[in-house]
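This briefing covers the strands and helices of the chain shown below. The points are grouped by topic.

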Amino acid sequence: MSEATISFANHEEIRTLFGSQDRYLRQVRDSVGIEVVLRGAELRLRGEEEQIQRGLEVFQELRAIIDKKGSLRENEVLRVLDNPSDQIEQSPLAINLFEKAKQVEPRSPGQAMYVRAIQRHDLVFCIGPAGCGKTYLAVAMAINALRTEQVRKIVLVRPAVEAGEKLGFLPGDLMAKVNPFLRPLLDALSEMLDFDQVRRYMENDVVEIVPLAFMRGRTLNNTFIILDEGQNTTVTQMMMFLTRMGTDSKIVVTGDITQIDLPTHVSCGLVDAMDRLRSIGGVATVELTGQDIVRHHLVREIVRAYDLDSSATKSRKK
């Protein structure tokens, strides 16, 4: 009796793979002749060596379909089971990180549209709810551009706007105060690259993580620039940021326009820029939705619950 383990990033992928009421799982188990046990975010396959190998091939092909299309249908499961040696064509949107064979692939049609927009345009605005991969995919594209020598530098930018908290109460100097606001960008970077590599990039100024206010007066050539939390920029700040773009550079601006932390009387720079620039060639706008959320499965339900509450409040005001 042999055993093999398959790890998953989240339970949403497992549910899609298993199908409604575990229908797809039972079909694979019965066809291949293996025992399948779920332990947390790991799938354990048990059976004879030949059966285990076939099971791994089947699950690999089914996961490739999910990664490419964001869904799985019964006819696709049956086709893979009938032809277990058939290889699913690798998505042309797979983002090669050149880091221990790591790749990042869009996991929904909306994410695929987003990656395609970054490939084809020098300025991309992406809005959407929490957990839909806005920042993660942009950072992956930046790493790919750096390692394929399309750019020489990555600059990750965030506005230091408090969501109800005050910077003055945080200990330390200015950089210590703004560090918590920049941390999500560093987390995304560290998830894709080895810690020592991230440290070397930052020490050699190949990767720079900087507060938005520090961008004034700069011109960035051959640089992949990402502005995260763009909904918290003013119109003046957004204009300042966008005009930092130099020769052979690319800018991606991400944000969630349902979570604006600016004072009520201040216009949102992200909304303003998308409206002003939408007709300019070389500029793309992508709007992701709750269907593109790939974080913990509860995040999608949380976002939906808040959206329903917001809609009900608006209706009452009318």
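A residue counts as buried when its relative accessible area is under 20%. By that cut-off, Val 207, Ile 209 and Pro 211 on one side of strand E8, and Glu 208 and Val 210 on the other, are all buried. The model is a predicted one.

**Overall composition**

- The chain holds 11 helices and 11 strands.
- Of its 318 residues, 46% are classed as buried.
- Among contacts in the chain with a separation of 6 or more, 71% come from residues 24 or more positions apart.

- Strand E7, residues 153-158, pairs with E8 in the parallel sense, and 5 bridges link the two.
- Opposite Val 207 of E8 stands Ile 154.

**The sheet of E1, E3 and E2**

- Strands of a sheet pair through backbone hydrogen bonds, in either a parallel or an antiparallel sense.
- Here 3 strands form an open sheet in the order E1-E3-E2, and the pairing is antiparallel.
- Strands E1 (2-7) and E2 (35-39) are at the edges and have a single partner strand each, so one side of each lacks a neighbour in the sheet.
- From one strand to the next, the twist averages 20 degrees.
- Strand E3, residues 42-47, runs antiparallel to E1 and is joined to E1 by 6 bridges.
- Leu 43 in E3 is the bridge partner of Ile 6.

**Packing of helices H9 and H10**

- The angle between two packed helix axes and the distance between those axes describe the packing.
- For H9 (residues 235-242) and H10 (residues 269-277), the angle is about 60 degrees and the axes are 8 Å apart.
- Angles of 65 to 115 degrees count as roughly perpendicular and those under 35 degrees as roughly parallel; H9 and H10 are therefore oblique to each other.
- The crossing of H9 past H10 is right-handed.
- On the H9 side, the contact is made by Val 235, Met 238 and Leu 242.
- These meet Gly 269, Leu 270, Asp 272, Ala 273, Arg 276 and Leu 277 on the H10 side.
- Sorted by class, the residues in this contact of H9 with H10 are 6 nonpolar, 1 polar and 2 charged.

Note on methods: Residues numbered from 1 in each chain as written. Predicted model: local features only at pLDDT ≥ 70, side-chain atom pairs only at ≥ 80, totals over all residues. Heavy atoms only, no water. Pairing = 2+ DSSP bridges. Helix = DSSP H or I, 4+ residues; strand = E, 2+ residues; numbered from the N terminus. Axes fitted to C-alpha atoms, helices over the stretch in contact; angles between N-to-C directions. Parallel < 35°, antiparallel > 145°, perpendicular 65-115°, else oblique. Left-handed = near helix turned anticlockwise from the far one by under 90°. Contact = heavy atoms within 4.5 Å. Nonpolar A, V, L, I, M, F, W, Y, C, P; charged D, E, K, R; others polar. Buried < 20%, exposed > 50% of the residue type's maximum accessible area, 1.4 Å probe, protein only.
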